[in-house]
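Here's a quick briefing on how the aromatic rings pair up in this one. Have the model open while you read.

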Amino acid sequence: MAAPGENLKIDGDRLWQSLMEMAKIGPGVAGGNNRQTLTDEDAEGRALFKSWCDEAGLTTGVDQLGNMFARREGTDPDALPVYVGSHLDTQPTGGKYDGVLGVLGGLEIIRTLNDLNIKTKHPIVVTNWTNEEGTRFAPAMLASGVFAGVHAQDWAEDRTDAKGARFGDELDRIGWRGDEEVGERKMHAFFELHIEQGPILEAEKKDIGVVTHGQGLSWTQVTVTGKESHTGSTPMPMRKNAGLGMARILELVDDIAWSHKPHAVGAAGHIDVFPNSRNVIPGKAVFTVDFRSPDLSVIRDMEQRLREEGQAIADDMGLGIHFEKVGGFDPVKFDDTCVQAVRSAAERLGYTHRDIISGAGHDACWINQVAPTAMVMCPCVDGLSHNEAEEIHPEWAEAGANVLFHAVVETAGIVE
């Protein structure tokens with residue numbers, strides 16, 4: 001396909017204005033966003049996005065899990081569409097750009113093509129995937145996982161949140177369940193723009209990250225059981241302190257990750273201690289260990305060491321322990337042709353760039369199993385994400401969207 005000329009660029013001011021308008025929906029308490037999946041705020045954000053798609057002349061379809069697909073027709077009715085997008089849902093204390101930049105960057109591609117009256121051979125479809133974050137209904141990337149055949153739809157719809165609300169019921173409640181079967185769409189390619197969610201691009205003063213791989217992920221929920229007793233009257237030798245057992249296992253997690261440097265990481269972000277009272281020795285601790293690496297053999301080694309050495313710690317302390325794998329996916333290698341389209345776009349536009357491995361999970365990681373896929377990343381300030389203080393500069397957003405525009409339009413094929 002012919003590449004767009006380097007003079008073809010999106011409207012950065014319009015993209016930024018759209019980001020700020022979307023950020024008004026589900027405002028957080030500290031300048032970010034709380035627009036969790038299948039909430040009233042999510043429904044309002046979806047409605048705003050659809051209204052913008054309508055204004056751009058797109059036809060929006062919705063599948064049975066609420067995934068949104070806004071289509072701009074191509075000149076070849078038999079050509080498979082090029083898909084582009086990300087997600088509009090946020091963490092409870094999330095930022096204004098995680099996911100949203102990828103959706104609205106995709107919309108900006110369409111607006112720019114309309115402005116310039118450019119036609120493409122392949123249709124282009126802007127996508128909003130349901131429940132990428134997984135913060136309300138685990139696991140993350142739930143609906144794109146069903147689309148890719150990784151999860152069963154019934155299983156996904158039966159996921160419940162902390163209050164016992166069921167995913168399928170909440171989807172019906174907010175009115176965003178469509179009729180279309182999940183996964184029936186076929187793709188020519190898929191592209192996703194995202195903030196890096198890490199510090200590398202900013203530290204190295206690079207405009208663009210060309211994502212070649214995605215780290216694999218393993219979530220193991222660990223339950224340590226001891227005996228609740230009074231903190232003041234229980235002698236030290238007679239204690240069965242589940243909290244202390246958890247602390248020693250968390251130190252083990254850190255050691256395991258360091259043993260596979262530089263790309264492996266590990267920590268526990270979700271921790272509950274029971275009964276969580278000032279004068280009661282914890283009788284139970286439940287926490288989720290998050291291991292990541294671009295090497296599947298490393299992930300398996302980290303999982304095995306956690307179970308074997310964690311069991312030894314518990315046995316030594318007279319504690320019970322249970323391990324349950326609650327989420328994960330294998331490392332991802334993105335499509336060489338799509339990755340090269342991103343790299344060539346960055347070079348053509350004169351942006352500094354580097355290859356990068358995504359440390360976070362994204363919908364693109366699942367879609368990569370059913371279609372040629374690649375990702376574009378832009379820097380974020382201090383690498384901060386999943387935080388209301390998440391921030392990017394307008395010129396970073398514009399550069400990322402310009403690379404996305406060129407990669408998508410080159411893949412879709414300009415019709416002269």
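Two rings of Phe, Tyr or Trp (for Trp, the six-membered ring) count as a pair when their centres lie within 6.5 Å. By that rule, this predicted model holds eight aromatic pairs.

**Phe69 and Trp129**
- These two rings sit 5.7 Å apart, centre to centre, with 85° between their planes, which makes an edge-to-face pair.
- The pair ties together distant parts of the chain, 60 residues apart: Phe69 belongs to strand E2 (residues 68-72), while Trp129 is in the loop between strand E5 (124-128) and helix H4 (142-147).
- Both partners, Phe69 and Trp129, are buried.

**Phe329 and Trp366**
- Why is the pair of Phe329 and Trp366 edge-to-face? Planes over 60 degrees apart count as edge-to-face, and the planes here are at 70°, with the ring centres 5.4 Å apart, so the pair gets that label.
- Here too the pair links distant parts of the chain, with Phe329 in strand E13 (residues 320-329) and Trp366 in helix H11 (residues 363-367), 37 residues apart.
- Phe329 and Trp366 are buried as well.

**A ring cluster**
- Phe69 and Trp129 turn up again in a cluster: ring pairs link them with Tyr83, Phe147 and Phe190.

**Charges over rings**
- Arg111 puts its charged end over the ring of Trp52, 5.4 Å from the ring's centre.
- Lys284 has its charged end over the ring of Phe274, at 4.9 Å from the centre.

Key:
Residues numbered from 1 in each chain as written. Predicted model: local features only at pLDDT ≥ 70, side-chain atom pairs only at ≥ 80, totals over all residues. Heavy atoms only, no water. Phe/Tyr/Trp six-rings, centres within 6.5 Å; stacked < 30°, edge-to-face > 60°. Helix = DSSP H or I, 4+ residues; strand = E, 2+ residues; numbered from the N terminus. Buried < 20%, exposed > 50% of the residue type's maximum accessible area, 1.4 Å probe, protein only. Lys NZ or Arg CZ within 6 Å of the ring centre and 35° of its normal.
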